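User: I'm new to this structure and would like a close look at one part of it, the place where the chains meet. Could you walk me through that part and then set it in its surroundings?

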Amino acid sequence: MEGIYEPKMEAPKIKTVSKWNARIPYIIAYGTLGITTLPIILMYLWLLMSSFSTQMKHGVIPVEFTLENWRFLWTNVEMVGSVYPSIWTATWNSFVFAGVLTVLEVIIGVMAGYALSRMEFPGRQGIMKMTMMLHAFPSVALLIAVFFILNFMGLFDSLLGVILVKTALQIPMTAWIIKGFFDDVPWDLEWAGLIDGCNRFKVWYTIVIPIIKPGIAAVSIFSFLAGWSEFLLLYTFVLSDDNITLSTYLQKLISDPNLVNYGLLSAVSLFYMIPVLIFFIFTQKSLMQVSAGGGKGV
Amino acid sequence: MKKSKFLINGMRKHSLPWLMLAPFLILIVIFFFLPIILIAVNAFTDMDSALQWTFNGIDNFKKMLLDPNMPEILKNTFIYVFFTLAINVLFGLVLGLLTSYFIQKESVGLLFRTIWMLPRISPPVVYVLLWLWFFDPSPYGILNSLRALVDLPPGEWLSSNPKTAIVLANGMIGASFGMIIFSSAIKSIPENLFQAAKVDGASQWSIIQDIIIPAIRWPLMFVTMWQLLSLLTSYEYILLLTGGGPMVESEVLSLYSYHKAFESFEYGYGSAVSLVLVVIALGFSAIIWKVFGMKKMMGTSRVE
């Protein structure tokens, strides 16, 4: 109370102190963020440097430039007693796996999403509830039973089998996201098309799909990356070397007791991460929106 | 006569949506519903690698109670879920606050958030390789290299502290999930609330405590519940990092069911453990469902 009538001279002093005080939280903020983020940057930087260097001094400082670690691109990796399959077989398999997965997911997701968003039929509420429930369902707990089913269908140890499993596990989320895109298209637009004499399919094809194209693109990228990164299902349900993918190839190298070559491991890792990095750099904004809406991983 | 005609018309009218939903429903039936039934049935058999369905009543559940590994596995599960969840939610909140409230410049905040997304978008095998290198027992591992700089002997980190390793590795991934959700929630708080608080002379701490936290309490609860559920049932990173070892020191319940089924081929017992997990998870889902009123998210169709 007394402070209000203090002489004017006091005022500037108080102001500078409070300004300093106001800055402290920001300094702490930047400091904390910097310290916690630095290790992540360093780790990925190490991946890059270690792949181009003969050895690392103190484990972290590159010593001499070499392309030796990238030799796996033109010759098959050989370990004591075993020859690894070609990296290009693994790359092709990963590409097929992620590509087919994306196509299936988008087609099935668009069909289901449209039906759920725009059509009224008995059981619609029930299906929507079920779709929501499945988002939270612990699908990995079902792997044992999925093994029986694949075995029964004759799809054990085949990429197609795992593609179907992965599509099924992701489709509730995908269909739900795509339904959201359809919900955002104003019904007036479709209505106008119908009045102008288009049939429903033509309206759908010429008016609705172009509007939700950006959404479809985001979903496609998201599912391609999910397929490209998939490890657990491929590791569990695919055994033969002919069907090896990049994730299982890398895991095989990592767990090889005869190998302690971080140069080779980091080069293969970087090679494996190329599509992820490309997509990430160009689409991180839409990617973040999609994964904010869903993304089940831990 | 009239009724059957009505029925046919009804079917014709409704056949299109069902046709469009068919592939979706078939996949869900084959890979969700059928497995649930199979797990539930199989949990009462002693199926092994011979794949014979021999029912043995509740023997598997008795075995689970008497399993000498069970106390340690349950303890591990609790430690793993509790500490990882704490990192996910609290550190996620810190990251969200720092990148969207303290750093007002959108481009800087986005840059940091992008970097934090890196572990999340990296393929699990690559991400775990980075941790393996970090903890490597040889003098080339980063932790041991750093210790060598101050003349400390190298340590066998993964075998001496497996639980810390799995908590850190999973926590870093989960924190970015919290970060994304919290920062978009913080951004949707009206700017004038902050300005009014500042004019009134509120400290940063009271702005966080009295404005931000109450405003994002729903996302906070959602992330907590969702992550709790995911952590209980997922094991991919643990499988890659420690494989549950050494012995069962970092084995959690979900990984145990995987190991029982796919390593020791005790499908019946593995299914019983899975069934327990599924029941727990369904309980949590029901709570999430109830608390967040999923019904609100489902309007009726806008057409017809």
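**Where the chains meet**

Between the two chains, 76 residues of chain A are in contact with 80 residues of chain B, contact being C-beta atoms, placed from the backbone, within 7 Å of each other. On chain A's side of this meeting, helix α10 (residues 262–293) gives the most, with eleven residues; helices here are DSSP runs (H or I, at least four residues), strands are E runs of at least two, and both are numbered from the N terminus. Sorted by class, that side of chain A has 57 nonpolar, 15 polar and four charged residues. Nonpolar takes in Ala, Val, Leu, Ile, Met, Phe, Trp, Tyr, Cys and Pro, charged takes in Asp, Glu, Lys and Arg, and the others, Gly among them, are polar.

Some ground rules before going on. This is a predicted model, where local features need pLDDT of at least 70, side-chain atom pairs count only at pLDDT 80 or more, and totals for chains, interfaces and linings use all residues. Residues are numbered from 1 along each chain as its sequence is written, while chains are lettered from A and ligands numbered from 1 in the order in which they are written.

Now for one residue, L143(A). L143(A) sits in helix α4 (residues 143–153) of chain A. Setting aside neighbours within four places in sequence, L143(A) touches T236(A) and, across in the other chain, Y258(B). Is L143(A) buried or exposed? L143(A) counts as buried because it has 22 C-beta neighbours inside 10 Å; the cut-off for buried is 20 or more, exposed is 12 or fewer, and partly exposed is in between, with C-beta atoms placed from the backbone. G99(A) is 44 residues away from L143(A) in sequence and 23 Å away in space, C-alpha to C-alpha.

How far can you trust chain A? Its pLDDT, the predictor's confidence in each residue from 0 to 100, averages 82, and 86% of the residues score at least 70. Residues 1–15 of chain A stay under 50, with zero contacts beyond four places in sequence. Residues 290–298 of chain A are also below 50, yet this stretch has 22 contacts in the model beyond near neighbours in sequence. Where pLDDT is low, the predicted coordinates should not be read in detail.

And the partner? Chain B has 14 helices and zero strands. Its C-alpha trace spans about 80 × 55 × 30 Å along the principal axes. Of chain B's 304 residues, 43% count as buried.
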